[in-house]
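Subject: Structure for your review

Dear colleague,

Please find the structure below, together with its sequence. My notes on the ligand site, the sheet and the backbone follow it.

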Amino acid sequence: MHNVAITGTGVFTPDNIITNDELVVAFNAYADLFNAEHADAIAAGEVEAKPQSSAEFIVQASGIEQRYVIDKEGILDPTRMSPKLPARPDDAPSLMAEIGVDACNKALAQAGVDAADVDLVICAASNHERAYPAVAVEIQQLLGTGGFGFDMNVACSSATFGIQTAADMIKSGNVRRALVVNPEICSAHLEWRDRDCHFIFGDVATATLLERDEGLTGPHFKVNSTRCATQFSNNIRNNNGFLRRAHDQVHDRRDMQFMQNGRKVFKEVLPLVSKHIAAHMADEGVAAADLKRLWLHQANKTMNDYIGKKVLGRDPEPGEQPNILQDYANTSSAGSIIAFSKHSDDMAAGDTGIICSFGAGYSVGSVIVTRA
Ligand code: CO8
C-alpha cells in the first residue's frame, strides 16, 4: 500500500458576477411580467401570483452575496431567465472540458507536474453535459495525460467521493497520479424563475491533483483518511434524464431543474454530517483540539457555523472554518475544494484539517489531511 498526497489544486472562476441586487431586480421584473400575463387566471384563483424576491432575505437566509456565472445576460433577461450557452460543434472542446482543463492546468502548475505524468482523470460533477463520451476522457485528451478517465456523479459530494476513488487507486498502486476535476455549471440546472432557490448557485471548476507520497519535494498535504456515506432522500432532486423523451416530458417542467425542500435538508443533513465527521475523527484518533481547519461544503453560512461548532465543541475562530459562499454561492461539489484551495497555504507542517462535502443523495464525504 502506498501513501497519498494532495500536491496541487486549481480554481477556474468565470468573469461575470451577479450580485444579489442585480438578481432580485431581474427576478422581480420576471415576476411582474408573469403576473401581468396571467392576471385573469390569478384573479380567478387558477394560477398563483409570483411573489417578489428580496436581497435582504437572500443574504440573511444563506450568507450568499454574489455568484460567478459563465453567462450573465441570459440569466438576467426577464424574458429568458436562463444562461445562453451556444451549442458547440462536436470537434470543439465542450464547455465542461474547457473550464475543467483550466482548473487542471492550475493544479498541475502548482505541483510542478507535467500532464503527461498523470495516469487518471476523474470528472466528478453534479451534472454532465452529455451522456458520452465521458467528459473526463475529453479532458485527458486536451491535457495530454496518459492512462484513463471516467465521469462520476454524487451531486454535491462528487469531489470528495472522487478524491476517495483516486486515493484508493493510488494506494493500491493502480495509478501514480490522478486529477479529480469538478466543472460545476450550476447556472444551467438552476430554476432562476423560482424565488425559493434562484439565489443558491453559481458556476466554477476546481481540480485536485493527487500523487503517490514518495519523494515529494514541494509543499503538499498528506491524505490520512477518506470516508464516504450515502442515505437516499428525495429532498434534493432533479428529474431531467435520458428517459425524458420516452416519458413524453420534453416540455418546460419545473422538475427538470434543481428542486429542494430546503428546510428539511437543513434539519436532516446537519445531524448526518456532524455524526459522520465525529465518527471519522474518532476512528482516526483525531481530537477536536488537533484540528486546525474545516473546509466545508458551501451551501449555507448558518449550516456551516452549526457544523463548525459541533465538530470543534466551540465557536470556530475566524479563519478556522473559511467560507467562500458569500462570493461564489453554492457551487455544488466544488465548494469545499475552493475553500481548501484558497485557505490552506498558511497552514504549518503537522497541521491537520478536514475537507467535507454534503448534499443531494443524501451524500457526505470527508477527507482528513495533514500539511507536510
Ligand atoms: N425572497 C424573499 N422571500 C423568500 C425568498 C426570496 N428569494 N425565498 C423564499 N422566501 C420566503 C419563503 O416563501 C418563506 O415564506 P413563508 O414563511 O411565508 O412561507 C420564507 O421566505 C422562508 O423560506 P424558507 O423556509 O425556504 O427559508 P429558509 O430559512 O429555510 O432558507 C434556504 C432557505 C437558504 C434554501 C435554506 O433552507 C437552506 O440553505 N437549506 C439547506 C439547503 C442545502 O444545503 N441544500 C443542499 C444544496 S444542494 C447541493 O448543494 C447540490 C445539489 C446538486 C446540484 C444542483 C445544482 C443546480
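Please note that this is a predicted model.

I begin with the ligand and its surroundings. Helix 3 (55-62) and helix 8 (262-283) each supply at least two residues of the shell around the ligand. Helix 8 gives the most, with four residues. The shell residues divide into twelve nonpolar, eleven polar and three charged. Of the 26 residues around the ligand, those that come nearest are Cys-156, His-189, Gln-260, Arg-263 and Asn-300.

Asn-300, one of the nearest residues, has a polar side-chain atom 2.8 Å from an oxygen atom of the ligand. In the side chain of His-297, an N or O atom lies 3.0 Å from an oxygen atom of the ligand. On its own the ligand has 1200 Å² of accessible area, of which the protein covers 77%.

Nine strands form an open sheet with mixed pairing, and their order is 5-4-6-7-1-8-13-12-11. Strand 5 (148-152) and strand 11 (291-296) stand at the edges; each has a single partner strand, so one side of each is left without a neighbour in the sheet. From one strand to the next, the twist averages 25 degrees.

Within this sheet, strand 4 (residues 120-124) and strand 6 (residues 177-185) run parallel and are joined by four bridges. Cys-123 stands opposite Val-181 in strand 6. Helix 9 (residues 301-312) packs on the sheet, where it touches strand 11 and strand 12 (352-359). The direction of helix 9 makes about 150 degrees with that of strand 11.

Most residues other than glycine have a negative phi, and most peptide bonds are trans. Against that background, the peptide bond from Tyr-132 to Pro-133 is cis, with omega near 0 degrees. Pro-133 lies in the loop between strand 4 and helix 6 (135-143). A cis peptide bond also runs from Gly-361 to Tyr-362, with omega near -10 degrees. Here the loop is the one between strand 12 and strand 13 (363-371), where Tyr-362 lies. Met-81 belongs to the loop between helix 4 (73-76) and helix 5 (95-111).

With kind regards

Technical notes: Residues are numbered from 1 along each chain as its sequence is written. This is a predicted model: local features need pLDDT of at least 70, side-chain atom pairs count only at pLDDT 80 or more; totals for chains, interfaces and linings use all residues. Side-chain values use heavy atoms; hydrogens and water are left out. A residue is near a molecule or strand if one of its heavy atoms lies within 4 Å of it. A polar contact is a pair of N or O atoms within 3.5 Å; within protein, one must be able to donate a hydrogen and the other to accept it, and residues adjacent in sequence count only if both atoms are side-chain atoms. Accessible areas come from the Shrake-Rupley method with a 1.4 Å probe; for residues, only the protein chains shown count as cover. Ala, Val, Leu, Ile, Met, Phe, Trp, Tyr, Cys and Pro count as nonpolar, Asp, Glu, Lys and Arg as charged, and the others, Gly among them, as polar. Two strands pair if DSSP finds at least two bridges between them. Axes are lines fitted to C-alpha atoms, for helices over the stretch in contact, and angles run from 0 to 180 degrees between N-to-C directions. Contact means heavy atoms within 4.5 Å.
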